[in-house]
Amino acid sequence: MSKGERVKKVTDAIRSFPDFPKPGVLFRDIFSLTKNPQIFGDCISLLVEHILEAHKDVEVIAGIDSRGFIFGVLIALQLNVPFVPLRKKGKLPGETLRLSYSLEYGDGELEIQKDAITAGAKVIIVDDLLATGGTMNAAVQLLNNAKAKILEGIVVLELVDLKGRMQVPVDIFSLIPASG
């Protein structure tokens, strides 16, 4: 099966729910991918293939809390590199670096353990979705504070109409660029 056909299968498997969680929002249910192991596996494989083509020198996968963990851990495992979680405030033990940021619907804070990444480590950030770019931008800032070298941000689905990639100072790869 061609890469394009595999991407279409993954795209078609993501269910959409109009007016959820509020009127006017078209919610994309990324968890519908996990209900079909073949399609979920294709999704992970497509992301890994991109990384191997573009960033063979990746040393760490950083996943954004929480759905970035689902994809990031599996990607890191296939690449045989460490996975580092970027967690919401108060979820990590030990000394942490923290970054506060604003989103369109409120404020957030991300943390990373201080010893999770060595200075200069080549990192790819993984999340399920890129919308307005606020959380991905915060992840970039936090990893910059940890002195990582960020190679790219990777998402399964990008809501291109929201222009979130314009808010993020690193390259973004989205498996599925979508409108709406």
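A residue counts as buried when its relative accessible area is under 20%, as exposed when that area is over 50%, and as partly exposed in between. The structure discussed here is a predicted model.

Glu158, by contrast, has a relative accessible area of 2% and is buried. Salt bridges that share partners also join Arg6, Lys9, Asp42 and Glu49 into one network.

Asp42 is buried, at a relative accessible area of 11%, whereas Lys9 is partly exposed at 27%.

A further salt bridge is formed by the side chains of Glu111 and Arg98, at 2.6 Å from N to O. Glu111 lies in strand S6 (residues 106–113) and Arg98 in strand S5 (residues 96–103), so the pair ties together parts 13 residues apart in sequence. The relative accessible area of Glu111 is 2%, which makes Glu111 buried; Arg98 has 43% and is partly exposed. The count of salt bridges in the model comes to 13.

The nonpolar interior is considered next. In soluble globular proteins, nonpolar side chains tend to be buried together. In this model the largest nonpolar core has 32 residues, and those with the most contacts inside it are Leu33, Ile61, Phe71, Ile75, Val156 and Leu175. Helices H1 (3–13), H2 and H3, together with strands S7, S8 and S9 (172–178), each supply at least two residues of this core. The largest share, eight residues, comes from H2. Another core, of 27 residues, lies apart from it and has Val123, Ile125, Leu130 and Ile172 among its members.

When residues up to four places away in sequence are not counted, Ile75 touches Ile44, Leu47, Val48, Ile51, Ile61 and Val126. Ile75 is also one of the buried residues of helix H3, which include Gly68, Phe69, Phe71, Gly72, Ala76 and Leu79. The cover over the buried residues of H3 includes helix H2 (37–54) and the strands S3 (60–64), S4 (83–88), S7 (122–130) and S8 (149–159).

The geometry of H3 can be checked against expectation. At 1.5 Å a residue, its 13 residues should span 18 Å, and the end C-alpha atoms are 19 Å apart, which agrees. Just after H3, Asn80 takes a positive phi of about 60 degrees.

Together with Leu74 and Leu77, Val73 forms a nonpolar surface patch with about 260 Å² of accessible area in total.

H4 is mostly covered, with nine of its twelve residues buried. These are Gly134, Thr135, Met136, Asn137, Ala138, Ala139, Val140, Leu142 and Leu143.

Asn145 is likewise found in H4, but its relative accessibility of 43% makes it partly exposed. Asn145 touches Leu97 and Leu99, again not counting residues up to four places away in sequence. Along the chain, Asn145 and Ala119 are 26 residues apart, and their C-alpha atoms are separated by 9.6 Å. Just after H4, Lys147 takes a positive phi of about 70 degrees.

Key. Residues numbered from 1 in each chain as written. Predicted model: local features only at pLDDT ≥ 70, side-chain atom pairs only at ≥ 80, totals over all residues. Heavy atoms only, no water. Buried < 20%, exposed > 50% of the residue type's maximum accessible area, 1.4 Å probe, protein only. Helix = DSSP H or I, 4+ residues; strand = E, 2+ residues; numbered from the N terminus. Patch = residues over 30% accessible without salt bridge, like charges linked within 9 Å, V, L, I, M, F, W, Y side chains within 5 Å. Areas by Shrake-Rupley, 256 points an atom, 1.4 Å probe, with all protein chains shown as cover. Salt bridge = Lys/Arg side-chain N within 4 Å of Asp/Glu carboxyl O. Expected span 1.5 Å × (residues − 1). Contact = heavy atoms within 4.5 Å. Core = buried A, V, L, I, M, F, W, Y, C linked by side-chain atoms within 4.5 Å.
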